[in-house]
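Here are my notes for your reading of this model. Keep the structure open and follow the points in order.

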Amino acid sequence: MRCSVIVSAVLFLCCPAVCQDRSAAVQPGQFEIGRHTFFDFGPPFNFYEIFIVRPSATGTSVERITLTPLGQKCVAPAEVKAASASTSESVAKLLGDKNPCTIPEKVLRRESKRCKKCSVFSGADVVLQVRCGTLTRLIRTDILEKDWFDASPHTPEHTSWTMQLLGRLDDAVGPGIMDRPIFLLPEKGEQPENVMDSPTLRDVSAGKYDALFQGAPDKPSDLYRAAQDHPFPPVVRLLNSSVPLGEGTFIPPTYPPLARLAGIGGRVSFKIEVDPNGRTTNLSFESGHPLLRQAVKDAVSQWRFPKEATSQEIQITIEFGLNCSRQAD
């Protein structure tokens, strides 16, 4: 009797805490991932993605929420985007040959210290959240730029597994941050993307996934709220004309994307003459930034004047203005 008690006591002391809950060794049926991607060029310099992976009747559903901080003032507001897809693969198939509940913490710590003295300019901080029996586990992985770009990066085992898992999720929901252009030029007539309300977005707003980004410069909940405000579109208006421009004559120039990106605005003054067909001719600029002049030239070529304007010299001033005020939807 005494021997059995001693053996039981020894087993209790030697067995790790996870062994007390045998269900922790079972492959999890769902998980969430937070990926903070950062670059040394911008703004913005940081991007945030939340993956919610759940079993479905046909396999697995994958939802991705992408949150981007404010970039360049007046041009790139904070934004939130949502994408979802389904795959015929099970959650276990997506996880591959690893069970995140059984990965030893000491191995993860060793991998995170692999490049203490390295200069890291770009990379990704990844946190996988998974339910292991009665416990919720956060598994952190640091992906370095050499893991992305080096021919022989010598990426550690579990970091490589995390990258492969994220690759499968990106394949499911479509292009992600790495496929984004380095510089996004504003497009003509663009409007902020309206993301439909959903339980997931309400959870993001309430801070449910903030814990996946501890140590990052931003919280998803703050970014979600910031994305609800949008800048007013830029304004191009006719300031004055020596001859009244009738309705249908004045076609406002399109604000050049490069000028918006560079924060260029102001007035453009010029003179034109009108030929017998009502078309503009002899356009000559008196002032205005070169990036704005071409937009004016393109617009003026479309103007049509009545016969009484023939052979007149017309003095015109147009103003380009970046409206940096923000509006709520």
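1. Start with a term: two strands pair if DSSP finds at least two bridges between them. Helices (H or I, at least four residues) and strands (E, at least two) are DSSP runs, numbered from the N terminus. In strand 2, the bridge partner of T37 is F47. Strand 1 (residues 31–38) and strand 2 (residues 46–56) run antiparallel, and eight bridges join them.

2. This is a predicted model, in which local features need pLDDT of at least 70 and side-chain atom pairs count only at pLDDT 80 or more, while totals for chains, interfaces and linings use all residues. Residues are numbered from 1 along each chain as its sequence is written, and side-chain values use heavy atoms, with hydrogens and water left out.

3. What lies on from strand 2? A hairpin of two residues leads from strand 2 to strand 3. Strand 2 and strand 3 (residues 59–68) pair antiparallel over nine bridges. E49 has T66 as its bridge partner in strand 3. Eight of the eleven residues of strand 2 are buried. Buried means under 20% relative accessible area, exposed over 50%, and partly exposed in between (1.4 Å probe, protein chains only).

4. Now look at helix 3 (residues 105–112). Its buried residues are V107, L108 and E111. They cover an arc of only 100° around the axis, which puts them on the same side of helix 3. The arc is that of the directions from the helix axis to the C-beta atoms. K106 and R110 are exposed on the other side. Cover for the buried residues includes strand 6 (135–144) and helix 5 (157–173). Here contact means heavy atoms within 4.5 Å.

5. Which residues of helix 9 (residues 290–300) are buried? They are L292, A295, V296, A299 and V300. Seen down the axis, the buried residues of helix 9 fall within an arc of 130°, so they line one face of the helix. An α-helix has 3.6 residues a turn, so residues three or four places apart point the same way. The cover over helix 9 includes helix 8 (257–261), strand 9 (266–274), strand 10 (280–287) and strand 11 (313–321).

6. Finally, the whole protein. It has nine helices and twelve strands. Of its 329 residues, 39% count as buried. The mean pLDDT (the predictor's confidence in each residue, from 0 to 100) is 84. pLDDT stays under 50 over residues 5–20. Where pLDDT is low, the predicted coordinates should not be read in detail.
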